[in-house]
Amino acid sequence: MRKLSFLIALLVLFSICISAEEAKITYRRTDNGDMKIALTFDDGPHPYYTAEILEILKEYNVKATFFFVGQNIENYPDAAEQVYLAGHEIGNHTYTHHRVRAMERGELVRELERCDDEIYRLYEYRTRLFRPPEGAFDDDVESIARNMDYSIILWSVDTRDWEGNTPIKIYQNVIDHVRSGDIILMHDYIGRNSPTPDALRMIIPKLIEMGYSFVSVSELISGG
Ligand SMILES: [Zn+2]
């Protein structure tokens, strides 16, 4: 009898471990220790900043991950196509970029599906990466993402490039805070006078000099 209850206790512990494992769908960074990091760009594609960023990434042979807004893919399909052709990873950043926490379940599902459809129409590829606008989410959002087989991708370094910071300030922020396994948040869509391309021209060579290498978000979170 005692043996049986011990076995039951073991089984319960095992199932708790399994569900804890399953629970992991939200990532801010990974603790990889091998100097791999992921650059991410949100809100695009943009009619000209996306192309400028692609040029810089190409110059240094860096692969990044772009979290597209479905509407912007519709508006700027050529820019979106260039990102894919250059071999970067694409993630879902919703169709309209509205706050998802306030949405009804059906509305969020449609937001994700519509962006997913835009990505599929261009690439015949379905991303499993979802970044909620502003990184704002709750248990309901997480449960929908889980049901739809998405991982929620946040970040561990926010460059705050959208805030009107100068390129040097953005550069300094990244260099001061970067650690192995980080996911770095930048934007390829900023209304006008984006500081991001100029910041990127300083950030990438410095990070390479510091020994970092760049991988897609999927590679980072799978430990590849
Ligand atoms: Zn965004």
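In which loop does P45 lie? In this predicted model, P45 lies in the loop that runs between strand 2 (36-42) and helix 2 (49-59). The points below are grouped by topic, beginning with the peptide bond that involves this proline.

**Cis peptide bond**
- The peptide bond joining G44 and P45 is cis, with omega at about 0°.
- Most peptide bonds are trans.

- Most residues other than glycine have a negative phi.
- M35 is not a glycine, yet its phi is positive, at about 65°.
- The position of M35 is in the loop between strand 1 (26-27) and strand 2.
- M35 is classed as partly exposed, because 14 other C-beta atoms lie within 10 Å, while a residue counts as exposed at 12 or fewer and as buried at 20 or more.
- E134, also not a glycine, has a positive phi of about 65°.
- The loop between strand 5 (129-130) and helix 6 contains E134.
- E134 is exposed, because it has 11 other C-beta atoms within 10 Å, and the exposed class covers counts of 12 or fewer.

**Packing of helix 5 and helix 6**
- Helix 5 spans residues 105-123 and helix 6 spans residues 139-147; their axes come within 11 Å and cross at roughly 50°.
- The crossing of the two helices is right-handed.
- On the helix 5 side the contact involves R105, L108 and V109, which meet D140, V141 and I144 in helix 6.
- Of the residues in this contact, four are nonpolar, two are charged and none is polar.

- D198 belongs to helix 8 (residues 196-209).
- With 16 other C-beta atoms within 10 Å, D198 is partly exposed, because this count lies between the limits of 12 for exposed and 20 for buried.
- How far apart are D198 and T166 in space, C-alpha to C-alpha? The distance is 9.0 Å, although 32 residues separate D198 and T166 in sequence.

Methods: Residues numbered from 1 in each chain as written. Predicted model: local features only at pLDDT ≥ 70, side-chain atom pairs only at ≥ 80, totals over all residues. Axes fitted to C-alpha atoms, helices over the stretch in contact; angles between N-to-C directions. Helix = DSSP H or I, 4+ residues; strand = E, 2+ residues; numbered from the N terminus. Left-handed = near helix turned anticlockwise from the far one by under 90°. Contact = placed C-beta atoms within 7 Å. Nonpolar A, V, L, I, M, F, W, Y, C, P; charged D, E, K, R; others polar.
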